[in-house]
Amino acid sequence: MMTYAGSNDLDAYWMPFTSNRRFKANPRMLSGAKDMHYVTTEGRQILDGTAGLWCVNAGHSRPRIVEAIRRQAGELDYAPSFNLGHPIAFQFAARVSALMPFDLKKIFFTGSGSESADTALKIALAYQRARGQGTRTRLIGRERGYHGVGFGGISVGGIVRNRMAFGTLLTGVDHLPHTHDLARNGFSKGQPEQGADFADALERLVALHDASTIAAVIVEPVAGSTGVLVPPQGYLQRLRSICDKHGILLIFDEVITGFGRLGSTFAAERFGVRPDIICMAKGLTNAAVPMGAVAVSDTIYDTLMEAADAPIELFHGFTYSGHPLGCAAGIATLDTYAEEGLFQRAADLEPYWQEAMHSLADARHVIDVRNLGLIGGIELEPRPGKPTERASEVFAAAFDQGVMIRVTGDIIALSPPLIIEKGHIDQIVETLRRVLASVD
Ligand SMILES: Cc1ncc(COP(=O)(O)O)c(C=O)c1O
């Protein structure tokens, strides 16, 4: 048997977004995964209630994806994308482009969601300049927004702990208010009724800064990382129309909402709102190889091509942009989604999922339940004076009882693989009810 606590085996790895000290005292290790389940180093099966980190939308270790990565690694392991091409990157871009809604048909590849967010912000600034609006340098994010951990992403993001230790961040950034409103919208099924007016805060920022200084607004259509904040009915539409009125670009960060999470390919389609730029990652490759992408409108691409004053039109890119393994995994992932009809499957399961989530409304400690697509948020009353502690214990107890959930603050966030069966949904709900009853 392997022992971890106190051994040197755990010392070297500085774990991300983790209490290293706590983890290393009591490690929980995953060593395998198949379909809906992880396997721990002790051989226990854990039902994956969160698709890893909102990313393994087709379930784990799917044969087609595994095989594509194997094949690609033996054929072309790596090729640079600066001034040279390799066919599979063009093939994958064409496949992604074909899936994109509206006119968002040009695809820039990145290595992660954070890189996608920073890339989208940079493209927005470069576009405004290219169309002769170079005074538009201000970026608008939102409270409780999460756009990864690059300096652009944390600047427009709205999570204090992700920002406070890291200096002054980008200058010229402002934030919209978040849309979470328990008093008016508690226990909403699907989109809350109240709160389209939160979008009007953009008019106030325009009045404060003047539209001629604002390049873009970036939001997650459904905010995930800060605990499942579903947009109120009409909110995103109103944001779009205010952006249109003032020549401001609208960026949707669809890193978690893309690829079927809401029962549609992208949230933009579900809400019927056309953003100018979409950020992707995670489900793009089913997380089997790290990869992200940014889709931009033809207008943005054409403007940057035409206005270029140097042979290179955009001075931006990554060593791993269009990585062959990512492209191979991505094509196999899109094939898997299509063959198994997984986006439709998510849509079909949504009513069952919604009722299952809301059946926890009367469970102990629960002060709100919210849902959309195959996303669920269950908000717990924080322990007096000890925020996040109760949820951490719920996470640990659920894991020990065979279900992986995610907690953020005192909110449980669920986002299972789209291959989930009704029996698995029942297991998640029954485990949570039991755990909530047992944790003080
Ligand atoms: C909306 C959103 N944007 C960006 C990111 C960052 O992605 P990554 O961790 O791949 O950099 C995430 C990750 O959870 C996300 O949810």
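Reply: Here is the sheet, then the helices across it, then the ligand shell. This is a predicted model, in which local features need pLDDT of at least 70, side-chain atom pairs count only at pLDDT 80 or more, and totals for chains, interfaces and linings use all residues. Residues are numbered from 1 along each chain as its sequence is written.

Seven strands form an open, mixed sheet. The order is E4-E10-E9-E8-E7-E5-E6. Strands (E, at least two residues) and helices (H or I, at least four) are DSSP runs numbered from the N terminus; two strands pair if DSSP finds at least two bridges between them. E4 (106-110) and E6 (173-176) are the edge strands, each with a single partner, so one side of each has no neighbour in the sheet. From one strand to the next, the twist averages 20°. Angles run from 0 to 180 degrees between N-to-C directions, with axes fitted to C-alpha atoms, for helices over the stretch in contact.

Leu139 has Val173 in E6 as its bridge partner.

Contact means C-beta atoms, placed from the backbone, within 7 Å. H5 lies across E4, E5, E7, E8, E9 and E10, at about 25° to E10.

H5 (113-130) also gives the ligand shell its largest share, three residues. In total, 15 residues surround the ligand. The closest are Ser112, Gly113, Ser114, Gly148 and Val255.

Note on methods: Near = placed C-beta within 6 Å. Contact = placed C-beta atoms within 7 Å.
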